[in-house]
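The following note sets out several points on the structure shown below. Please read each point alongside the model.

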Amino acid sequence: MTVKTIRQALHEALEQEMRRDPRVVVIGEDVSGGAGTGGGRDAAGGVLGVTKGLIKEFGEARVIDTPITESAIMGAAAGAAMTGLRPVAELMFSDFLGVCFDQIFNQAAKFRYMFGGKARTPLVIRTMIGAGRSAAAQHSQSPYHIFTSVPGLKVVVPSNAYDAKGLLIQAIRDDDPVVFCEHKLMYDLKTEVPDEAYVIPFGEANVVRDGDDVTVVALSRMVHYAAEAAETLAAEGIECEIIDPRTTSPLDEDTILESVERTGRLVVVDEATPRCSMATDIAALVADRAFGALKAPVRRVSAPHTPVPFAPSLERLYIPDPERIAAAVRAVYGYAR
Amino acid sequence: MSTAFTAITMPKWGLTMTEGKVVQWLRPAGASFAAGDELLEIETSKITNVVEAESAGTLLRVVAAEGSTLPIGGLLAVIGPADAPAAEIDTFVAGFVVAEAAEQEAEAAEAPAPRMLDVAGTRLRYLELGSGDRVPVLLLHGFGADLNSWMFNQPALAEGRRVLALDLPGHGGSSRDVGSGDAEALAQAVEGFLADLDPGPVHLVGHSLGGAIAAMLAARGPELVRTLTLIAPAGLGPEINAAFIDGFVRASRRKDAVEVLQMLVHDPALVSRTMVEDVLRFKRLDGVAAALAAVAYAWFAGGRQTLDLTAEIAGLALPVQVIWGRDDRIIPVAHADAMAPGVPVHVLEAAGHLPHMEKAGEVNRLIRRFIDA
């Protein structure tokens, strides 16, 4: 067991699955990235280096560089999945889902259903989410809730390297299309990751911290901010239970509901915009199924309903932070009818 | 300084423990105690357990308050003669802190790490603690466990002797290749391990399935075994909790894992979230589910134990003792009745299938007394 970054964990998952199963291929913009440059065939290895080195071992038939055309990448990958390969396709920025949404939303997600269960679509779409790099409104969004709202898609939002590897291997071995959302600020985050291959089942939340006072459900990068807030709050005598759902579709409803049944209080932390979001979805779930247990209104800590600002000072205000999370927890903890 | 003080320090339980939290003191400052009395309760990220007194004494000074977290080796309390002057205790405490910082750095550098041994193509992981001339001890864990299950025992037994804890094939850090997975295959792996490592004759301590393997080894190579301690061993009767075995093999989610792990213990609070997570992380690795299923099928097909070792154990000329938890819900304590009248059987109250964890102090004393005799 060694300590690895999320980048290394994802690379290892791809490498091990490509060795195990010749049907696994990688396809996307610059997944090797060096053709026609002085840096050699493997110069880029993905914009963040996750796929670097794969072409050396597996060749260009299995590590397929494409033009900048998301619709072609997703269309080719969906067709390849249905006809027997297990493609891992890269949608570099999830912000560009609009360019290829038909291939994902109306094709890949529907094949199994439209063909009476006779078609399988073992497709993984790796895509970057998240603000915090001043990449402006068109390269900073977290639209996992849009994918989550589509029946037929599974959606993964890992928060650490251990989960990233196990969930990506599960995604590759899964027979349905999976959208795998990687936060662009977390690739260098480290944790202990087994060298062997392993799978984490979808729909199994991770309880990051035990506590009896307030349930905090947080996703992706927000898990770490919630953990920071929980440290501060513990010093004040408020114990948070932090739940990281790990997958938004399927969603581990039981773990959330059982926790709220015990704490009676819920704060949901979500970097995405608030309308029709995961924060809203989870708040509705609890209002619907655990209303009797609630001692205070549910609070959502999310981005505002605006595009992501480019100015660093505004972007900082846009992204939920530990202080806002702590304030929300204090508010529900101190709530009196 | 004229008075002889002894420090109680934060113990190290298991490979990954770096610090522990004082949950509560079970004896007040100033109280006298006997050997084996429970002094305090310590919580790690994985488990909560009590620290027992090694010998009789008086708790002169509680240094670590309830709720405080200390690194391994950190000073918890000072014990010594009841009439010790307060000033001398102060000096001891002040002096200890300085000594402890340096010691700890040295200790961290050479913290015992498990090693791998290749035995006839099968990679086996083991952890060795202690050194000395006394006859070594080999610890064999039960089904689904690993060498970490001896975290409360291995350090306590490693005074003046080597204590080896092995991961059986298919378990812990050992190879996932279990062959047929049956008693013969596992016993051969352990025999190969002993032949390669060549520690000379050993005291064998085996828990559950590991107990059955220990008994087989003793019957097949009595010259290699000095004594045999069987803790809730398999192989003494047909009953086995099939719901536990099936549930353990199948569990891939936390909820199912908690349910089966709680069957192992008298006090369900022993099953911490981290312990469950560790089991799940192990079970998720490629090859583990198949290995465990193969072992379960070979040993417990149809929900019954297929291996009967009562004749082999009755035929042993070497000393044998049996330790069992009264509330064992995996293998019934009544199986101990199969032992010959001369074999000491220790049934521990308020313990389930894991007496070596739940009643570690008592089990350690029983083993030490037995192997020192």
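1. In chain B, β2(B) and strand β4 (residues 38–43) pair in the antiparallel sense over four bridges. Within this pairing, B:K21 has B:E43 of β4(B) as its bridge partner. Strands here are DSSP runs of E of at least two residues, and helices are runs of H or I of at least four residues, both numbered from the N terminus. Two strands count as paired if DSSP finds at least two bridges between them.

2. Strand β2 (residues 19–25) of chain B also pairs with strand β7 (residues 69–71) of chain B, in the antiparallel sense and over three bridges. Here B:G20 stands opposite B:L70 in β7(B).

3. On provenance, this is a predicted model, in which local features need pLDDT of at least 70 and side-chain atom pairs count only at pLDDT 80 or more, while totals for chains, interfaces and linings use all residues. Residues are numbered from 1 along each chain as its sequence is written, and chains are lettered from A and ligands numbered from 1 in the order in which they are written.

4. Chain A contains 12 helices and 14 strands. Its C-alpha trace spans about 65 × 45 × 40 Å along the principal axes. The radius of gyration of chain A is 20 Å, which agrees with the value near 20 Å for a compact globule of 337 residues; this radius is taken over C-alpha atoms, and the globule rule is 2.2 Å times the number of residues to the power 0.38.

5. Of the 337 residues of chain A, 52% count as buried, that is, with 20 or more other C-beta atoms within 10 Å of their own, C-beta atoms being placed from the backbone. Among contacts in chain A between residues at least 6 apart in sequence, 77% join residues at least 24 apart. A contact requires C-beta atoms, placed from the backbone, to lie within 7 Å.

6. An automatic or database domain assignment supplies the domain bounds: chain A is divided into domain 1 (2–193) and domain 2 (206–333). The C-alpha centres of these two domains of chain A lie 27 Å apart. Their contact takes 27 residues from domain 1 and 24 residues from domain 2. On the domain 1 side, the elements giving two or more residues are α6 (144–148), β6 (154–156), α7 (161–173) and β7 (178–183) of chain A.

7. Between the chains, seven residues of chain B are in contact with 11 residues of chain A.

Note on methods:
A residue is buried if 20 or more other C-beta atoms lie within 10 Å of its own, exposed if 12 or fewer, and partly exposed in between; C-beta atoms are placed from the backbone. Two residues are in contact if their C-beta atoms, placed from the backbone, lie within 7 Å.
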